[in-house]
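Take the two chains in turn, then look at where they meet. Keep the structure open while you read.

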Amino acid sequence: MTVTTETGSALRVLARQEIRHYLRHRLFWFSAVLMVVSTTYSSSHVEPSSGALNGLAAGALLGVLGLVTMYSLTRRSDRAAEAAGAVAVPERVRSLALASAVVVPFTLAMIDWVVEVVVYQTHPPTADTIPPGVSDAFVLAVQFGQGVMAAVGGPLLGLVLARWVPRRGTAALAAIVLVILTILLQGNFSGGQPYRVFWVWTHFFGPMGWNGDRWTTVPGNPFLWVLYLAALCVLGVIAAVYHDPESDRRRLRGVAAAVGLAALALGVLTLTVGYTEPISNPLLPSAPFGE
Amino acid sequence: MLLYLRWSVPWVRVAVAALLVATLIELVHRDAWLLWPLEGTAVALLAGAAAWCLDEQAGAVVDVTPRGLAWRTAARAPAPALLAGVWLVTVWHARDSLFGHAGAVLVQGLAALAAGTAWATSRRAAGNPMPGLALAATVIPAGAGWALVRPLPDQLPVFPYGTATPGQWATSLVAWSAVAAASLVVLALELAEARWWLRRRRPVTAGGPGRPDGGTTGVGHAGRSTWAASRSGATRQ
């Protein structure tokens, strides 16, 4: 049997094990239950915007909590490897196995997104919400980026942090910093903060306070933003694998540079292609958001 | 006790938590309508930080020293008290921005502190040396997630928003007050039970280190913790 075959076999076995661990993690269950509750509630109490901003639930619950879940699983995997003594499975294989466990939050987020799509199609938003000219695909792409991509990216960020900053409190602190930065980079400040598209979670439309609470698009292209986020996810996996000193770091550096450049290009394109200026709905919302 | 306080409490982490709490509430103060989820995040951070203050890395060692859990908890109390002080000051400073419910917000934070302290003390009494770390890693992201999403805002107004009705604020206040009261009861019972348990479970053996009056020695709650640790440790392996 070749080394490659053995590694592949170990990866498959470990991946299945990490997926099971993710499924059994109490924080995942907490987030999953809240997700189901939130989705059920929003589906039965459809807002005038038809849940156009509902990507927040998956992003916060599967993304932020997923960060901590994956951090915890990675540290657990490290402790098990340390206890085993002689390392039978390289760290990079364990990292890849852990990365494959994101299939769990990804699946849940996809289900949630499909529900949101159905709700959006069956209960079109009212005229005072989504600005005129904004397509359904635009709205659904935003929801996909905010929900599904965050559900994948959050756990991968947890994996990277566990590999590079394995200190007590890192996950909790990272969750708080993530929440603070995300809230500040929603595009809710004057001009819509075009640079915010480089952040991992943001809005592309909504009732903006700086525009008299009118529904307004903020600069950025959500289709390219989703691709940008996908490139960041790939970078995260590379960063986690790169931590293993026995990995082929020279090759990984080349791949990381290529993916990093692609991510940068996609980020710049997100800024420059599509709605580069805010578009506001001339109608004032009939009810303040949140009521 | 001061020496114990100085070396046992993770002051850097407490300072970071206090600074973060102050920052979060200051941000809420600047734009409560936009940044309100940070209020819930701060409350969750208080619960996690309070529990973290009570972690005893060398639990297996200190559990068999003459200083009991009650003494050690009392010695560490200035750390949660400092967090409570920071919370009081920051909420007072931001009182005009809290949708007219500064009192309810204040109770949320104090209840979270009490709950974190009670939970950590309860787990410590059961023999778990570092329960705070696990609690912080769970409750902080969970609280932040809840504050962001606010699921079932009508039925479960955990962190009511500016658009919440007075009834929802009242429900929230009652619930948080109940959490605070229950936490204080649990805390008192745990700290007191340590001695009661010792009297019940550690009979003085002939020739052993018993007191002249027939009571037990001041070994703290070592017997309980050791017993509980062996019980829970077996399941954790």
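Which residues of α4(A) meet which residues of α8(A)? From α4(A) come A:Arg92, A:Ser95, A:Leu96 and A:Ala99, and from α8(A) come A:Val237, A:Ala240 and A:Val241. Contact here means that the C-beta atoms of two residues, placed from the backbone, lie within 7 Å. Helices (H or I, at least four residues) and strands (E, at least two) are DSSP runs, numbered from the N terminus.

This is a predicted model, in which local features need pLDDT of at least 70, side-chain atom pairs count only at pLDDT 80 or more, and totals for chains, interfaces and linings use all residues. Residues are numbered from 1 along each chain as its sequence is written, while chains are lettered from A and ligands numbered from 1 in the order in which they are written.

Stay with the first pair. Helix α4 of chain A spans residues 91–100, and helix α8 of chain A spans residues 222–242. They pack at an angle of about 150 degrees, with their axes 8 Å apart. Axes are lines fitted to C-alpha atoms, for helices over the stretch in contact, and angles run from 0 to 180 degrees between N-to-C directions. The angle makes α4(A) roughly antiparallel to α8(A). The classes are roughly parallel under 35 degrees, roughly antiparallel over 145, roughly perpendicular from 65 to 115, and oblique for the rest. The crossing of α4(A) and α8(A) is right-handed. A crossing is right-handed if the near helix is turned clockwise from the far one by less than a right angle, and left-handed if anticlockwise. By class, the contact of α4(A) with α8(A) holds five nonpolar residues, one polar and one charged. Ala, Val, Leu, Ile, Met, Phe, Trp, Tyr, Cys and Pro count as nonpolar, Asp, Glu, Lys and Arg as charged, and the others, Gly among them, as polar.

Now turn to α3(A) and α7(A). Their axes are 9 Å apart, at an angle of about 160 degrees. That makes α3(A) roughly antiparallel to α7(A). Their crossing is right-handed. On α3(A), the contact uses A:Val64, A:Leu67, A:Val68, A:Tyr71 and A:Ser72. On α7(A), A:Thr170, A:Ala171, A:Ala174, A:Ala175, A:Leu178 and A:Val179 meet them. Nine of these residues are nonpolar, two are polar and none is charged.

A:Gly59 also lies in α3 of chain A. Is A:Gly59 buried or exposed? A:Gly59 is buried, because 29 other C-beta atoms lie within 10 Å. The cut-offs are 20 or more such atoms within 10 Å for buried, 12 or fewer for exposed, and partly exposed in between, with C-beta atoms placed from the backbone. Beyond its neighbours within four places in sequence, A:Gly59 is in contact with A:Gln146, A:Gly147, A:Ala150 and A:Trp201.

Next comes chain B. It has 11 helices and zero strands. Of its 237 residues, 46% count as buried. Among contacts in chain B with a separation of 6 or more, 77% join residues 24 or more positions apart.

Helix α6 of chain B, residues 69–76, has B:Leu69, B:Arg72, B:Thr73 and B:Arg76 buried. These four cover an arc of only 100 degrees around the axis, so they sit on the same side of α6(B). The arc is that of the directions from the helix axis to the C-beta atoms. An α-helix has 3.6 residues a turn, so residues three or four places apart point the same way.

B:Arg150 has a positive phi of about 45 degrees although it is not a glycine. B:Leu152 has a positive phi of about 45 degrees and is not a glycine either. B:Arg150 counts as buried, with 22 C-beta neighbours inside 10 Å. B:Leu152, with 14, counts as partly exposed.

Finally, bring the chains together. 29 residues of chain A are in contact with 25 residues of chain B. On the chain A side, α2 (26–44), α3 (55–84) and α7 (170–184) each supply at least two residues. The largest share, eight residues, comes from α3(A). That side of chain A divides into 20 nonpolar, seven polar and two charged residues.

One helix pair spans the two chains. α2(A) and helix α9 of chain B, residues 131–149, pack at an angle of about 10 degrees, with their axes 11 Å apart. They are therefore roughly parallel to each other. A:Leu27, A:Phe30, A:Ser31, A:Leu34 and A:Ser38 meet B:Thr138, B:Ala142, B:Gly145 and B:Val149.
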